[in-house]
Amino acid sequence: MTETEDKSVEARRGFLRLLGGAIACAATAEAGHVTVAEAGASAALPAVAPPAIPGYDWTKHRWAFGVDATRCIGCLRCVEACKTENDVIGDAHHFRTWVERYVYLEGEETPRVDSHSDPVNIKASGSEREYRFANRYKDANVEKAFFVPKLCNHCTHPACVQVCPTGATYRTDDGVVVIDHKYCIGCQYCVQACPYGARFFNEEKKVTDKCTWCYHRITKGLQPACVEVCPVGARIFGDLRDKQSPVSQFIRNNRTRVLKPETGNAPNVYYVGLDKDVM
Amino acid sequence: MEPVPNIAPFIGYVYPNETVIPWTVLIVVYPYLTGLVAGAFTVSSLYHVFGMQRFKPVAHLALLTSLCCMLIVPVPLLLHLGHPERAFNAMITPHTTSAFAIFGYAAACYVLLLLLENWFVFRPHIVQQAQRTKGVLRLFYRALSLGSDDLTENAMRYDRKWIFALAVIGIPAAHGLHGYVGFVFGSLKSREWWSSDLMPAIFLFSAIISGTALLIVIYVISCRLRKVPVDSPCLKGMGYTLWGFMLFTLLLEGVEFASLVYRGREGTDMILEFVKGPLIVPFVILQFGIGSLIPLLVLTFMIWRGTGGKTLIAGVFASACLVLVAVLMMRWNVVIGGQEIAKTGKGLLTYTPTFLGREGLLAAAGVMAAPFVLLSVMVRLFPPWPQATKAG
């Protein structure tokens, strides 16, 4: 923490030296601890120094997420838990995490893909606040079908952080991409830049929003809400620095892959059981 | 909470969060206005830097038009922001890897440059008016003269030096500003429709043609309103400029589309389905057919036949109007089109703009009209017509 603060203080001083004069001083006073985000997306620092979390040292952890798609049963408890835990807008258009369903029907070359936010599935659940997969293929001959949970990949080289004009979104030292809702200007450039569709605009707060791996929980030693409620252990979370953590073991014991590696974003959600059609 | 605007129906599979379109019609207007700035400035530079005398009748009008558009450019962005009051965060703590962060600085510098150049160009008029007028107007012009009322030949020579220098710096500045707008889209790897190295060049050339076309339209209308004849060599020159740069623009756009299809990377099937389906009218018919091909044919024909007189005016004017529509459609097809092709590569969305509201069609129309309302006031305060001013 100290090292990070030193870095940000140094960056701040450098910036103020550059800008000079009273304007910069006034701006600094108004914005609190203003720092300039350093060049290089992965090295981006928060624009405003984050508050210290008592008893937590972010330099001692490196969080990662695992998804075992072969286990997922599409119950969507994770989606509902996430909405409740993080106070996500309760409709079918804003999700910090979601589940996709891939269904291969006999005689068809490409899978039919939907998520719980599909109008057919929303109609089946009867509400935009409750989610379920409608049994829409019950009369068809299904050759293969599976679910894929999705969430923010907390990339090592996040395109969203790269494009943020203010440094309101940044990658923490423990490997989580977060957004400072008090600093975000709501331009939605990051929403455009994310190749995974993980970001959305929060119309209530007028800022961008996304999964934080429940940062408020993991820094207190708890699991993210979606991991905690998953009844089949399809979601795995832990610390890469701890070789015995669930996620370290998951990565060690499986052949994993990530989504869209060609983007160069270096995602940190590791998947097992994906098919070639998963995007 | 009020209902979420911009919810887009879709076909195929799109990520759940994609069903709300992030960038609306206002972000179509933003690059359109920026393009008009760069284009109008190009025409003024043809006179001020390259000494093309035939553009003298529109040189000052071009500068004023450029300034009026530029002053409105930040408005669509501010209207779009969730927290416009925090807009300066991007300037006080710029995130240097963001293309957007640089916009504040680039735009501010360019506004300053335009203000300076306009001031030098209209200084003789300002000084004369400060002596001739009375009351509030006198105060206004006196304040604007900044205490510099020397109109001797020596002073005018000094002014001309400044105008030349500013016009020279202005060329890379204006074009850089607009090339950068292309970079905002072209540098994103999340959308195949945007991700192209040619995007900055395409934006730049389409900016030049839109600015030239706008000047043609404004010039012809202003001649009508002032009941003076249209300067034929000037209009012909602008027609040539429009024709030449249109060839570049179409070539670049053609090459970009061809290479996208030829490379045939993942998601191209969806893009082709999109172009053949929902994009037929805005892309194929409006942008390329009516907006580009027809004016190109008309201009080619007139250049070939050496058309003059009223036919030339009508032909160039009509072509310019069509080009303005084509470039607006190009901005629409890039900004909105890009978002209608899902990041999944397996679905298409349909954006329907709202009429009212902060990001509705009415607001966008207001923003589009604002530079011209401003211009109509400015030409009264600072007449850009050749006989009214001696500088430059």
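How many bridges join strand S2 (residues 97–105) of chain A to S4(A)? The structure examined here is a predicted model, in which local features need pLDDT of at least 70, side-chain atom pairs count only at pLDDT 80 or more, and totals for chains, interfaces and linings use all residues. Residues are numbered from 1 along each chain as its sequence is written, while chains are lettered from A and ligands numbered from 1 in the order in which they are written.

Chain A contains nine helices and ten strands, the elements being DSSP runs (helices H or I with at least four residues, strands E with at least two) numbered from the N terminus. Of the 279 residues in chain A, 45% are buried; a residue is buried if 20 or more other C-beta atoms, placed from the backbone, lie within 10 Å of its own, exposed if 12 or fewer, and partly exposed in between. Among the contacts in chain A with a separation of 6 or more, 62% are accounted for by residues 24 or more positions apart, a contact requiring C-beta atoms, placed from the backbone, within 7 Å.

S2(A) and S4(A) run antiparallel and are joined by nine bridges; two strands pair if DSSP finds at least two bridges between them. Within this pairing, A:Val142 in S4(A) stands opposite A:Leu105. Both strands belong to an open, antiparallel sheet of three strands in the order S3-S2-S4 (chain A). Its edge strands, each pairing on one side only, are strand S3 (112–115) and strand S4 (142–151) of chain A. From one strand to the next, the twist averages 20°. Helix H3 (residues 77–86) of chain A lies across S2 and S4 of chain A and runs at about 160° to S2(A), where angles run from 0 to 180 degrees between N-to-C directions and axes are lines fitted to C-alpha atoms, for helices over the stretch in contact.

The loop between S1 and H3 of chain A holds A:Cys72. A:Cys72 counts as buried because it has 23 C-beta neighbours inside 10 Å. Its contacts, leaving aside neighbours within four places in sequence, are with A:Val99, A:Phe147, A:Pro149, A:Val232 and A:Ala234. A:Phe147 is 75 residues from A:Cys72 along the chain, yet their C-alpha atoms are separated by 5.9 Å.

Strand S1 (residues 63–68) of chain A pairs with S9(A) in the antiparallel sense over five bridges. In this pairing, A:Gly66 has A:Ile236 as its bridge partner. Strand S9 (residues 235–239) of chain A is mostly covered, with four of its five residues buried.

In chain B, helix H2 (residues 56–72) and helix H13 (residues 361–381) pack with their axes 9 Å apart, at an angle of about 135°. H2(B) is therefore oblique to H13(B), since angles under 35 degrees count as roughly parallel, over 145 as roughly antiparallel, 65 to 115 as roughly perpendicular and the rest as oblique. Residues of H2(B) in this contact include B:Leu64 and B:Cys68, and those of H13(B) include B:Val367 and B:Leu374. The contact comprises twelve nonpolar residues, one polar and no charged; Ala, Val, Leu, Ile, Met, Phe, Trp, Tyr, Cys and Pro count as nonpolar, Asp, Glu, Lys and Arg as charged, and the others, Gly among them, as polar.

Between the chains, 50 residues of chain A are in contact with 36 residues of chain B. On the chain B side, helix H4 (89–92) and helix H5 (99–132) are the elements that give two or more residues. That side divides into 18 nonpolar, 13 polar and five charged residues.

Key. Contact = placed C-beta atoms within 7 Å.
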